[in-house]
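Reader: I am new to reading protein structures. May I put some questions to you about the one shown here?

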Amino acid sequence: MGTLQIPLLTPYKMGKFQLDHRIVLAPLTRQRSFNNVPQPHAILYYSQRTTKGGLLIAEATGVSDTAQGYPHTPGIWTKEQVQAWKPIVDAVHAKGGIFFCQIWHVGRVSNQGFDGVEIHGAHGYLIDQFMKDQVNDRVDKYGGSLENRCRFALEIVEAIVNEIGADKVGIRLSPFANYSESGDSNPKALGLYMAESLNKYGILYCHMVEPRMKTVGEKSECPEESLLPMRKAFKGTFISAGGYDLEDGNQAVALNRTDLVAYGRLFLANPDLPRRFELDAPLNKYNRETFYIPDPVIGYTDYPFLETNVA
């Protein structure tokens with residue numbers, strides 16, 4: 001299978017960033033940042049998964065000490081944390097990668113060396129809780145109507161765009177998901193309203209989670225629901241995530257249903273995922289038991305690369 005036939009391995013221009021392929025490292029919470037400080041072992045982890053012209057989205061990063069929901073997740077609110085991120089960012093840049101930092105909620109986001117910021121508006125966390133009618137019971141201007149429920153998310157987008165520029169801002173949304181009982185009675189209308197509203201700010205990308213990923217780690221096909229209306233409505237780069245493999249990732253790009261595809265568990269277990277896709281090589285199986293353990297090596301940087309003599 002030559003690269004010509006592999007849609008995922010075609011180049012793509014995302015704003016000012018020239019991507020060599022369309023395989024994105026999805027943001028993955030790994031809980032190995034002791035005392036909320038990124039650790040040296042993350043240098044190897046991200047570097048292993050970097051290719052020239054590849055986009056990586058860092059794990060969700062707290063912007064204040066009140067933003068932390070899990071132990072050992074990294075922050076970016078102290079000088080020590082910012083300094084600790086620098087060698088990680090440098091390692092990704094040294095291999096020609098493009099690195100975005102995913103943030104849980106709003107705070108100081110400039111001056112950290114990353115190429116841009118992804119706002120975490122998905123999976124039942126703070127921003128998602130405002131958007132979803134099954135959890136937002138506010139009676140002020142942030143509750144009730146669809147417009148009101150999306151107001152908080154769009155205010156955050158506006159604040160970050162004003163601080164660092166729209167060309168460095170993306171957002172992740174999961175209108176169809178029901179994490180932490182944060183579901184919505186009309187997810188399609190919610191996704192569409194957000195996609196259309198985001199156009200006003202001219203942000204770089206919208207990263208949406210497929211309807212088939214309703215809850216953590218479970219894939220349930222739902223043919224009647226699709227991200228296509230949101231893809232058509234949003235004018236910037238569209239990234240799809242959620243349960244993709246090589247075949248349906250290629251298909252999504254070939255049919256223009258998305259621009260880029262984010263891979264989580266497959267990329268976690270296969271640091272050289274773009275290379276394996278190129279060669280249609282077998283994939284390492286991921287081990288869910290080691291996703292969140294604090295070990296700096298096991299289940300983190302010890303997944304094997306393809307033997308180099310395969311090529």
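Author: The questions and answers below go from the whole chain to single residues. Please keep in mind that this is a predicted model.

Reader: How many helices and strands does the protein have?

Author: Both kinds of element are present in the protein. The count is nine helices and 10 strands.

Reader: What radius of gyration does the protein have, and why is that value in line with a compact globule?

Author: The protein has 311 residues, and a compact globule with that number would have a radius of gyration near 19 Å. The C-alpha atoms fill a box of roughly 60 × 45 × 35 Å along the principal axes.

Reader: What percentage of contacts joins residues at least 24 apart in sequence?

Author: The contacts considered are those between residues at least 6 apart in sequence. Among these, the share that joins residues at least 24 apart is 67%.

Reader: Is Y263 buried or exposed?

Author: Y263 is found in strand 10, which covers residues 260-263. Beyond its neighbours within four places in sequence, Y263 is in contact with several residues, including L8, I23, V24, L246, G249 and F277. A residue counts as buried under 20% relative accessible area. Y263 has a relative accessible area of 1%, so it is buried.

Reader: Which residue caps the N-terminal end of helix 7?

Author: Helix 7 runs over residues 246-254, and its buried residues are L246, D248, G249, N250, A252 and V253. Strand 10 and helix 9 (273-279) are included in what covers them. At the N-terminal end, a side-chain oxygen lies 3.1 Å from the backbone nitrogen of E247, and the residue that supplies this oxygen is D245.

Reader: Which residue just after helix 7 takes a positive phi?

Author: The phi in question is about 60°. The residue that takes it, just after helix 7, is N256.

Reader: Which backbone oxygen does the side chain of Q48 reach?

Author: Q48 has its place in helix 1 (residues 41-48). At 10% relative accessibility, Q48 counts as buried. Leaving out residues up to four places away in sequence, Q48 touches K95, P271, Y300, T301 and F305. At 3.0 Å, its side chain reaches the backbone oxygen of T301.

Reader: How far apart are the C-alpha atoms of Q134 and E181?

Author: Q134 lies in the loop between helix 3 (126-131) and helix 4 (146-164). At 49% relative accessibility, Q134 counts as partly exposed. Q134 touches E181, G183, D184 and S185, residues up to four places away in sequence not being counted. Q134 and E181 are 47 residues apart along the chain, and their C-alpha atoms are separated by 7.5 Å.

Definitions and conventions:
Residues numbered from 1 in each chain as written. Predicted model: local features only at pLDDT ≥ 70, side-chain atom pairs only at ≥ 80, totals over all residues. Heavy atoms only, no water. Helix = DSSP H or I, 4+ residues; strand = E, 2+ residues; numbered from the N terminus. Rg over C-alpha atoms; globule rule 2.2 N^0.38 Å. Contact = heavy atoms within 4.5 Å. Buried < 20%, exposed > 50% of the residue type's maximum accessible area, 1.4 Å probe, protein only. Polar contact = N/O pair within 3.5 Å; in protein donor to acceptor, adjacent residues only side chain to side chain.
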